[in-house]
Amino acid sequence: MSSNASQHGDVLPGENATQRAAAAALDGRQTGLKRFLPFLGPAFIAAVAYIDPGNFATNIQAGSTYGYTLLWVVLVSNIMAVLIQSMSAKLGIATGKNLPEVSRERFSRPVTIGLWLQAEFIAIATDLAEFIGGALGLYLLFGIPLFPAAVITGVASFVLLELQRRGFRWLEAGIGTLVGVVVVSFAYEVFIAQPDGSAVLHGLFVPTLDGADSLLLAAGILGATVMPHVIYLHSALMQRRVVGRNEAERAKIFKFEMADILIAMGIAGLINGAMLVMAAGLFYGSTEVVSTLEGAFAHLDTEAGSLAAILFGVGLLASGFSSSSVGTMSGQIIMSGYINRRIPLLLRRLITMAPALAVLAMGVDPTTALVMSQVVLSFGIPFALIPLLIFCSNRQIMGNLVNRRSTTMVAWCVAALIIALNIFLLARTLFG
């Protein structure tokens, strides 16, 4: 059940129906594709973080600057996302606790405080991307100045979170609808772009870089795709949603959730690829490199028509609204999990909104701020990923859901790659 309902000892009607359907699937009374339905949803909430406004910025910059060259980075990042989110979900299913809670139990107090502080910093960087994206969507579509548009985005995130009071199915439906808006938007953009099929396949399956700047952008794509805050979130979404009574049931729940993850992350990967393909097809090779979201909107209007530009703005707006609400959920989990403290949702939202509003008030270029926020996020990935790996490899914690040796080896290679990229970025930032 949802954490909200479980804390109050009751289950909302929609949740009760989901619980009954899940029990029927676990007992073998429901067969066929219908048995998967009660388990679909959590990964779609997590997937919102993989198509947030930061992805718009990095993917469009990559496509307009390097064509289809970095498309393989999107594919690799998405494969990493499936691996990481599956481990996060598995931790919640196996333990009934989320990643910050298990960290608090297993690590010393100083380590836990350090993990909490960096996670809060990452939450601020996340909010920066989400608020700027939502504000840009409002600005492009309606001409609302960025500062008040960011405030409207904050209000919209609260409206979306209110769906959670009706049960997790309402929230999942709301988030899923907004994801659908983004899908429709970029399906049309790709149709208009008429990409070169052979170039797309080459960019997708032949890893290539074009200098140090392309590596910096590749790291930004990774930071925008594999999001630290959603590693914490997915474990929390699964910890009480459907509770297995024994190890056999927990293994079945994880099998069903893997279908949820593959579908949701597959959709997110297609959207990210579509963003880059659209930018490569329409902007690459032109006399002017399109490096901002405002520029993308203007060029779409000129080269593909007003409908393409409007759909781009609508997709950006849907992304900003949905991802900002997911960011708020993650922030609450981070604080309550690591230090067992909660603050009112409104106060937390105001605190995390402040840096984004300050950036907009200072007139910082929003797209530059978006891309840099994704680079910052890539630094936070190891602090979520390494504890997750440690816990998922511990049979005492995970039981029969413990990672296979091959899974652990691949996951450590992913963590090593991310850390190596971070070292490169730090050296490039400090020494040029």
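Colleague: Is Ala-268 buried or exposed?
Modeller: In this predicted model, where local features need pLDDT of at least 70, side-chain atom pairs count only at pLDDT 80 or more, and totals for chains, interfaces and linings use all residues, Ala-268 counts as buried because its relative accessibility is 2%; buried means under 20% relative accessible area, exposed over 50% and partly exposed in between, with a 1.4 Å probe and protein chains only. Residues are numbered from 1 along each chain as its sequence is written, and side-chain values use heavy atoms, with hydrogens and water left out.

Colleague: Which helix is Ala-268 in?
Modeller: Ala-268 sits in helix 13, residues 247–283, where helices are DSSP runs of H or I with at least four residues, strands are runs of E with at least two, and both are numbered from the N terminus.

Colleague: And what is Ala-268 in contact with, beyond its neighbours within four places in sequence?
Modeller: With those neighbours left aside, Ala-268 is in contact (heavy atoms within 4.5 Å) with Ala-47, Tyr-50, Ile-51 and Asn-78. The C-alpha atoms of Ala-268 and Val-179 are separated by 8.6 Å, although the two residues are 89 apart along the chain.

Colleague: Switching to the whole chain, how many helices and strands are there?
Modeller: The chain has 19 helices and zero strands, and its C-alpha trace spans about 60 × 45 × 40 Å along the principal axes.

Colleague: What share of the residues is buried?
Modeller: Buried residues account for 56% of the 432 in the chain, and of the contacts between residues at least 6 apart in sequence, 83% join residues at least 24 apart.
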